[in-house]
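The following note sets out points for a colleague to consider alongside the sequence and the model.

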Amino acid sequence: MSSERTLTVARAGREAVMWEMQNDPSVFMLGEDVFAFGGVFGTADGLGEMFGPDRILDTPISETGFIGLATGAAMAGMRPIVELAFVDFIGVCYNAIVNLAAKHYYLSNGQVKVPMVLMLGSGGGYNNGAQHSQSLLASLAHMPGSVVVTPSNAYDAKGLMHSAIRSDDFVIYSGQKKVAGVGMLGTPIKTSMSVVPDEPYTIPFGVANIVQEGTDLTMVGVSWTVHQCIEAAERLQSEHNISVEIIDPRTVVPLDRDAIFDSVKKTGKLLVADEDYQSFGFTGEVIASVVERDPSVLSCAPVRVANPDLNIPYSRPMELRVLPTADRIVEESKKMLGL
Amino acid sequence: MKPTAAQRKAMYSDIVRSREFDDRVLELYFADKMPVFDLAKGVIPGEIHSSHGQEPCAAGTMPHLTLEDTITSNHRPHHHAICRGLDLNKLAAELMGKKTGYCAGKGGHMHIYSVEHKFSCSGIIAEGMGPAAGVALANKMREQDGIAVSYMGEAAANQGAFHEVMNMAGVYTLPYICIIEDNNWGVSVSKKASTAIERNSERAASYGVYGEYVEDNDCDLIFEAMSRCVDRARSGQGASILEIQTYRLKGHMHGDQMAYVPEEEVAAMKDCVIEYRNKLISEGVLTEKEAEEIVSQQKSEVDAAIQFGLDSPYPDPEDAFQNTYAGVSK
């Protein structure tokens, strides 16, 4: 019907929320600054006006309280969407996430479902300091019982949000703030914008997207680092004629280990980029999932480009040094390829 | 509202049932953990927090709740589960980690769930409050009947979740009741040493909700106080904090010798089962014979339940892989 629309990640995710709320009275949103403010990163922009304060419910700054309440509402058959502006705040509600929302289904042996979505804003790169810039992906993905979704572009953001809201599982929807494309964070990343169909559609959990095909090197990134990989791949292609295959798992739990393995089998080389602290994290997990299956598919040692286990410094040059930027990815790739 | 004679007999029967169950569990618990005490050993392993002494907190409150209402319990859940009417067989089996238990052995003593009874537990202090208030919120949003009640100890009122959830219960005027069983001890720390005020029910003023303290561990007084809280919740007047003075007769968990409890306090502890029996008999509500019949009836049901648990098979180890996710495989 209408012409093609190119949306930001935040707009696309919000569109899915809006559709689900219009079509399912059990869906509602609660969290900090959702009603009048529309969510700190635009996730609920305009929804307050559309659905009113009873379905776009502002909460006190009581994260353990409102995640606990959302868990109960979900147990009672509602489908709450919880907004937690910064993933850094999970420190004050980790119990409600891992001991309540993520455990009820298992402990009850499947009697009690928790169909709830927890939206989190993650990531740095805009000089917001160590307590408002973390990724903390591993801290979310490590615990069994939650699905962890990490969209890198608008098309996936919408489809994954529909899937998340309709899922009978507890879904953590980790949105990288710079990928969201909201006004206060400058110009949206071009590759994060996509043509988004008007109609609703779902994207299955655990199915990776092959962002681009290639033959010389496999890069695996999530959310913001997907775009760093894209930029690095362009430079490697134009400057060194290197063909890079980029895999975006889209959901880290469940993780599409097959797609990653198949790609590495083809290219023989693996670089994993992640904004989280390096040790005990996503990068190691991806590498392990290849190596434990068949180490012989690798022609050289795999490489990780992540936060080098440092708290995130405020000052621009220092923060840029710890982020897994395209520059670092290019540099590490060249070392790998002997360039 | 005062309880009728029939309701009083039923409450007596409930506290007896809970006590008989806990007595049998206690007996079994220690029978096969000797000569060296080892939590991991025996037919009932792990920690057991028995309800000895606290039974009226459940027996006096549950008669006001219907199957429309939701209950969240804590790490000490036996009296709540039993007075809610959960099946003794499945309860006993769950404590033994058997396949026939409520959660097929995935939960254990601190994690008992029964969907038909709208009953769940959390072993983390005060963290049953959020889910209970959340059910209350859901019911209110859908304009459905049904209130929600969480049970916890007095030390749980010092958790952050207590403040956060009670405040939200006040802000949203939720049909929710927070029941605090004041046994005076948070493991080994007394209420006086941990809590700045004497009664947590007074904290209700901070949240704009109703608060009441019941000064005796008596089914009738608890029943009456609960009726006021439930009336408020059902008529849209919002949340309550109901704190009850009770006694923890067997320590924090089995094996706790309570060396830290002053002798005079131990001596002053009243056994609610005996007290209530005597009260009902002296008031002519119950005869000695009826009381004996209730005890023997409950004893035989408990014995049968324990036997059911003992006779039940363990789950297949591979069952551990089931039910991490409802819809996602992996």
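**Notes on the predicted model**

1. In chain B, B:M129, B:G130 and B:A133 of helix α5(B) meet B:A161, B:F162, B:V165 and B:M166 of helix α6(B), contact being heavy atoms within 4.5 Å. The residues of this contact comprise six nonpolar, one polar and no charged; Ala, Val, Leu, Ile, Met, Phe, Trp, Tyr, Cys and Pro count as nonpolar, Asp, Glu, Lys and Arg as charged, and the others, Gly among them, as polar.

2. Helix α5 (residues 129–141) and helix α6 (residues 160–171) of chain B pack at about 10°, with axes 9 Å apart. That angle makes α5(B) roughly parallel to α6(B), the class for angles under 35 degrees. Axes are lines fitted to C-alpha atoms, for helices over the stretch in contact, with angles from 0 to 180 degrees between N-to-C directions. Helices (H or I, at least four residues) and strands (E, at least two) are DSSP runs numbered from the N terminus.

3. The model is predicted: local features need pLDDT of at least 70 and side-chain atom pairs pLDDT 80 or more, whereas totals for chains, interfaces and linings use all residues. Residues are numbered from 1 along each chain as its sequence is written, chains are lettered from A and ligands numbered from 1 in the order written, and side-chain values use heavy atoms, without hydrogens and water.

4. The contact between the chains takes 44 residues from chain A and 40 residues from chain B. About 3,400 Å² is buried between them, 65% of it from carbon and sulfur atoms; buried area is the accessible area (1.4 Å probe) lost by two parts on being put together, summed over both. In chain A, the residues losing the most area to chain B are A:L69, A:Y106 and A:L107, together 21% of what that side buries.

5. Which element gives the most to the side of chain A that touches chain B? It is α3(A), with nine residues. By class, this side has 20 nonpolar, 16 polar and eight charged residues.

6. Over all chains, the search finds 38 salt bridges. One joins A:R166 to A:E20, with the closest N and O atoms 2.6 Å apart. Because A:R166 lies in helix α7 (residues 154–166) and A:E20 in helix α1 (residues 9–23) of chain A, the pair ties together parts 146 residues apart in sequence.

7. A cis peptide bond joins A:V253 and A:P254, with omega about 0°; A:P254 is in the loop between β12 (251–253) and α10 (257–267) of chain A. A:D33, a residue other than glycine, has a positive phi near 60° and is found in the loop between β2 (27–31) and α2 (47–51) of chain A.

Methods
Parallel < 35°, antiparallel > 145°, perpendicular 65-115°, else oblique. Salt bridge = Lys/Arg side-chain N within 4 Å of Asp/Glu carboxyl O.
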